[in-house]
Amino acid sequence: MVPQAFLALEDGSIYKGEPFGATGTAFGEVVFNTSMTGYQEMLTDPSYAGQIVVPTYPLIGNYGINREDFESNRVQVSGFVVREHCRQPSHPLSEMTIHEYLASQDIVGIS
């Protein structure tokens, strides 16, 4: 059986997807980011503290996570919603996948 995740909005809308990152539940205001790059910065940007961020770019995680591109010393978002997350990043500086990073920081994601 394929694991499922759900994004439930205040208006009663429910969207089914695939979980990644940590297992659990997240609560917060859903906000969008229209950048084509910078998901690592989005995740650690204090201006997104407690929010569920939805990048509009369709593929997230393709260059992985590295030690250089943090905006703060921890993940600030409460959840991350993407169209598709990359399972095998291809950047030479990548140290882990977006799934591994979110799981290590106890942040849930849905794609």
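A residue counts as buried when its relative accessible area is under 20%, as exposed when that area is over 50%, and as partly exposed in between. With that in mind, I turn to the structure before us, which is a predicted model.

I begin with Tyr 101. Its relative accessibility is 6%, which is under 20%, and therefore Tyr 101 counts as buried.

For Phe 70 and Tyr 101, the centres lie 5.7 Å apart and the planes meet at 35°. Planes under 30 degrees apart would count as stacked and those over 60 as edge-to-face; the pair of Phe 70 and Tyr 101 is therefore tilted. The structure holds two aromatic pairs, of which this is one.

The pair also links distant parts of the chain, as its residues are 31 apart. Phe 70 sits in the loop between strand S6 (59–60) and strand S7 (79–81), while Tyr 101 belongs to helix H2, residues 98–104.

Let me now move to the sheet. In which order do its strands run? Five strands form an open sheet in the order S3-S9-S7-S5-S4, with mixed pairing. At the edges are strand S3 (19–21) and strand S4 (30–33), each of which pairs on one side only. From one strand to the next, the twist averages 25°.

S3 pairs with strand S9 (residues 108–110) in the antiparallel sense, over three bridges. Gly 21 has Val 108 in S9 as its bridge partner.

Conventions
Residues numbered from 1 in each chain as written. Predicted model: local features only at pLDDT ≥ 70, side-chain atom pairs only at ≥ 80, totals over all residues. Heavy atoms only, no water. Phe/Tyr/Trp six-rings, centres within 6.5 Å; stacked < 30°, edge-to-face > 60°. Helix = DSSP H or I, 4+ residues; strand = E, 2+ residues; numbered from the N terminus. Buried < 20%, exposed > 50% of the residue type's maximum accessible area, 1.4 Å probe, protein only. Pairing = 2+ DSSP bridges. Axes fitted to C-alpha atoms, helices over the stretch in contact; angles between N-to-C directions.
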